[in-house]
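This report covers salt bridges, a sheet and a helix pair. The structure comes first, and the description follows.

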Amino acid sequence: MIADLLSMWVRLATGVSARAVPGWDGRPCVFFANHSSHLDPLVIWAALPAEIRRRTSPVAARDYWTKNAVRRWVSGKVFHAVLLDRIGRPKDRSHPLQAVFDVIESGRSIIIFPEGTRSPDARLKDFKAGLYHIRRRFPGCVMIPVSLHNLNRILPKGRLLPVPLIGKITVHPPLEPVDDESREEFLKRARDAVASALPEDKCHE
Amino acid sequence: MNREMIWMMVAVLALLVTASVAGFIMSRRAGPGARPVVANFNARTRSWWLMVAIFGVTLYFGHWTTVVLFCMISFLALREFITLNETGPCDHPVLFWCFFIILPLQYFLVGIHWYGLASIFIPVYAFIFIPVLRVLGGQTRDFLATTAKIQWGMLTCVYFISHMPMIMTLPIRDWDGGNAPLLFFLVATAQASDVFQYCWGKMIGKRKIAPTLSPNKTLGGTVGGIATTLVLATGMSLATPFNPWQAALMALVICAAGFFGGLVMSAIKRDLGAKDWGSSIRGHGGVMDRIDSLCFAAPLFFHLTGFYFGSGVDPTPPDWIHTILGR
């Protein structure tokens, strides 16, 4: 209920909405997107059709989303975010993405940002290997590239308050599975899919 | 609200009912080739119902509701304008000020009838404040271009549009019919001109006037549309302080300003590589696509009405100028 209201408000405030997700068949998905604003996880989550949204957890930065009571409540109770530490390795030497693996194992979809951090000028950075590890571990899950536009203008890195510009989301068809693909090949293919809907000057670092 | 005004509202409703019925019949009979045109016509009609309802209710409740309505329209138009115009991350503070402080303040000034400040607030104070704030950000790349874009957005989307609720505060000589009919006259004339130009253009339009800017504008459509609007305006004069020929002249100014306002906004849009300003009103495009013809018409109509029919709003010029301009 609160989740539906919040997602409606986010769709209204940012103008971002995805009517349908091509190729979605109920299996867990990995939505991966370009990252330029703290709003990105919230916006993709809110833009997804309700039946997918209820089973999707965004991966978000722990320090930002646990800073105050409101953010803690939203990330924990409303959109069930998977919070990751951005600095340092886990103390128990487990895989840094273990929390993400657990969520996918439980049958939920996730939203992840393979650039690893927000790009200050919205140019697409190189993808980190995390996406490839998820791919290796869960060959059955659907990899869906997502491109976000204008979000860095709505809430740029380092700013507190958003301005009401109109954002846009492009949800691409899932990546086709390719056998014996190297890490570099896979990451390049994933990055090209996200870049395909971005303006030319945002595709290179 | 005077009696003639109520009759005009009834006429608008009758027109909408006719359009809806015609659209329904056409959708039943249309062949596969005509279907997209009919679907667009029906989407436009449905949106018209909503817009007329909002505008009607607003006018009925009077001054403050009009201020709030046009404040929201300005907000949505500015949002579309700034979204299409690339600005950098360092412009974030100035945009925040534009949307959340300058814009509401302008409408607040209109709301409290402070005409003296409302009529210069944006062109003087905001236009000085915007480059100052940007300079503090320290960015020099495309400085003038980006500053000018933000200022132009504030001018057209906020300052010009705020003249519409300002009409509600204009004191008119020897007139007790209220100011709502004046605002209705402006909006109805500008929108009727758009609709009639669209209809005549679809029926008899052949020669394109501005093929690169606005491919739908044809000579037949424009002349037919404006002529029909002038006839309509003489009819609407009954509810206004204008006599029929004054109303026709005012309507001519509104149509001309609307025509060129539309072309100018269209040129900006093409330059930015977009077909529509947005997609918030079904069948029409964005809010800006619907009000582009009012941007230039609103301040012109406001000042012409103030000059010829108002009492003591504008400072008075010397007598010999009065003689030349025929007041």
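## Salt bridges and packing

A:Asp126 counts as exposed, because its relative accessibility is 53% and the cut-off for exposed is over 50%. The model is predicted. The side chain of A:Asp126 meets that of A:Arg191 in a salt bridge, with N to O at 3.7 Å. A:Asp126 lies in the loop between S4 and H7 of chain A and A:Arg191 in helix H9 (residues 183-195) of chain A, so this pair ties together parts 65 residues apart in sequence. A:Arg191, at 14% relative accessibility, counts as buried.

A search of the whole structure gives 9 salt bridges over all chains. Three of them are listed here.

| Salt bridge | N to O distance |
|---|---|
| A:Arg53 and A:Asp4 | 3.1 Å |
| A:Asp126 and A:Arg191 | 3.7 Å |
| B:Asp91 and B:Arg134 | 2.7 Å |

The side chains of A:Arg53 and A:Asp4 form a salt bridge. This pair links distant parts of the chain, 49 residues apart: A:Arg53 is in helix H3 (residues 50-53) of chain A and A:Asp4 in helix H1 (residues 2-14) of chain A. A:Arg53 counts as buried at 6% relative accessibility, while A:Asp4 is partly exposed, with a relative accessible area of 31%. Both residues belong to a network of salt bridges that also includes A:Arg54.

In chain B, B:Asp91 forms a salt bridge with B:Arg134. B:Asp91 sits in the loop between helix H3 (63-84) and helix H4 (92-111) of chain B and B:Arg134 in helix H6 (residues 121-137) of chain B, so the pair ties together parts 43 residues apart in sequence. Both B:Asp91 and B:Arg134 are buried.

Chain A also holds an open sheet of 6 strands with mixed pairing, in the order S3-S2-S4-S1-S5-S6. Its edge strands are S3 (82-84) and S6 (168-171) of chain A, each pairing on one side only. From one strand to the next, the twist averages 25°. Within the sheet, S2 (residues 56-61) and S4 (residues 109-112) of chain A run parallel and are joined by 3 bridges. A:Pro58 stands opposite A:Ile111 in S4(A).

Helices H6 (residues 98-105) and H7 (residues 130-137) of chain A pack at an angle of about 40°, their axes 11 Å apart. The crossing of H6(A) past H7(A) is right-handed. From H6(A), A:Gln98, A:Val100, A:Phe101 and A:Ile104 meet A:His133, A:Ile134 and A:Arg137 in H7(A). By class, this contact has 4 nonpolar, 2 polar and 1 charged residues.

Notes:
Residues are numbered from 1 along each chain as its sequence is written. Chains are lettered from A and ligands numbered from 1 in the order in which they are written. This is a predicted model: local features need pLDDT of at least 70, side-chain atom pairs count only at pLDDT 80 or more; totals for chains, interfaces and linings use all residues. Side-chain values use heavy atoms; hydrogens and water are left out. Axes are lines fitted to C-alpha atoms, for helices over the stretch in contact, and angles run from 0 to 180 degrees between N-to-C directions. Helices (H or I, at least four residues) and strands (E, at least two) are DSSP runs, numbered from the N terminus. A crossing is left-handed if the near helix is turned anticlockwise from the far one by less than a right angle, and right-handed if clockwise. Contact means heavy atoms within 4.5 Å. Ala, Val, Leu, Ile, Met, Phe, Trp, Tyr, Cys and Pro count as nonpolar, Asp, Glu, Lys and Arg as charged, and the others, Gly among them, as polar. Two strands pair if DSSP finds at least two bridges between them. A salt bridge is a side-chain nitrogen of Lys or Arg within 4 Å of a carboxyl oxygen of Asp or Glu. Buried means under 20% relative accessible area, exposed over 50%, partly exposed in between (1.4 Å probe, protein chains only).
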